[in-house]
Amino acid sequence: REGQTVAEASGKYKQLTAAQNEAFKNANNAYKTAGMSANEYMEVSTGFAASLVTSLGGDTNKAVKYADMAVIDMADNANKMGSDIESIKNAYQGFAKGQFIMLDNLKLGYGGTKEEMERLLKDASKISGQKYDVSSFADITEAIHVMQEEMDIAGTTANEAEGTIQGSVSMMKSSWQNMLTALVTGGDQYDQCIDNLVDSVSIAAQNLMPAIEGALNGIGALITD
């Protein structure tokens with residue numbers, strides 16, 4: 001940017017590079033944190049990244065953390081509340097633009113108005129002790145996270161990925177998609193994608209084997225009868 005010193009420009013470049021690397025890391029871990037492939041994660045997070053950066057005063061590193069929190073919260077909400085993930089994505093896109101008509105898509109007990117969003121922020125403030133501004137998209141995402149933690153929604157996707165057949169199989173599918181992408185693009189992410197796939201297959205197998213053993217025992221008993 002015009003008027004910047006070399007040191008200032010270099011510092012900004014390093015900050016942006018660090019934020020980019022963190023975003024890629026979060027995307028590659030999304031197979032178990034959000035039940036999404038890396039591509040799906042990046043598509044969702046970049047949809048409101050600019051609004052987060054603006055509401056955080058240009059702090060790209062902080063914006064990456066907030067984006068990760070928001071995407072995971074979206075997935076957790078869909079899993080816990082049985083909501084359509086697309087309707088939740090649309091709601092967050094609206095929040096980023098200052099539109100709250102789809103707040104009720106989250107099924108947190110708040111209607112689709114600005115006043116209801118302000119009520120959500122006020123309730124979250126009582127829990128966290130922080131003050132939230134309805135004009136700040138970052139504050140909105142943080143307040144929603146606070147409420148979902150309070151309602152025991154947060155962490156649902158990761159828990160399902162570790163402990164249920166459906167969740168672990170979904171995680172395995174996402175990690176497989178990541179590996180296919182890495183096969184084409186190559187680069188430093190390839191080894192991580194391979195490790196993630198092996199890890200997800202192992203977890204899925206641990207969840208599937210007891211069910212398979214139970215089914216085989218049942219078939220054996222049926223044949224005997």
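User: Which residues does Thr157 touch, not counting residues up to four places away in sequence?

Analyst: This is a predicted model. Thr157 touches Lys32, Thr33, Ala34, Gly35, Ala75, Asp76 and Asn79. Thr157 itself lies in helix α8 (residues 156-163).

User: Is Thr157 buried or exposed?

Analyst: A residue is called buried under 20% relative accessible area. Thr157 has a relative accessibility of 6%, so it counts as buried.

User: How many of the residues of α7 are buried?

Analyst: The same cut-off is applied residue by residue. Twelve of the 14 residues of α7 are buried, so the helix is largely enclosed by the rest of the structure. Among the buried residues are Phe137, Ile144 and Gln148. Their cover includes α3 (49-55), α4 (60-81), α5 (85-96) and α6.

User: How do α6 and α7 cross?

Analyst: The general point comes first: an α-helix has 3.6 residues a turn, so residues three or four places apart point the same way. Here the axes of α6 (residues 114-128) and α7 (residues 137-150) come within 9 Å and cross at roughly 65°, and the crossing is left-handed. The contact includes Met117, Leu120, Leu121 and Ala124 of α6, and Ile140, Ala143, Ile144 and Met147 of α7. Its residues divide into ten nonpolar, one polar and three charged.

User: What follows α7?

Analyst: Asp152 follows α7, and its phi is positive, near 60°.

Conventions: Residues are numbered from 1 along each chain as its sequence is written. This is a predicted model: local features need pLDDT of at least 70, side-chain atom pairs count only at pLDDT 80 or more; totals for chains, interfaces and linings use all residues. Side-chain values use heavy atoms; hydrogens and water are left out. Axes are lines fitted to C-alpha atoms, for helices over the stretch in contact, and angles run from 0 to 180 degrees between N-to-C directions. Helices (H or I, at least four residues) and strands (E, at least two) are DSSP runs, numbered from the N terminus. A crossing is left-handed if the near helix is turned anticlockwise from the far one by less than a right angle, and right-handed if clockwise. Contact means heavy atoms within 4.5 Å. Ala, Val, Leu, Ile, Met, Phe, Trp, Tyr, Cys and Pro count as nonpolar, Asp, Glu, Lys and Arg as charged, and the others, Gly among them, as polar. Buried means under 20% relative accessible area, exposed over 50%, partly exposed in between (1.4 Å probe, protein chains only).
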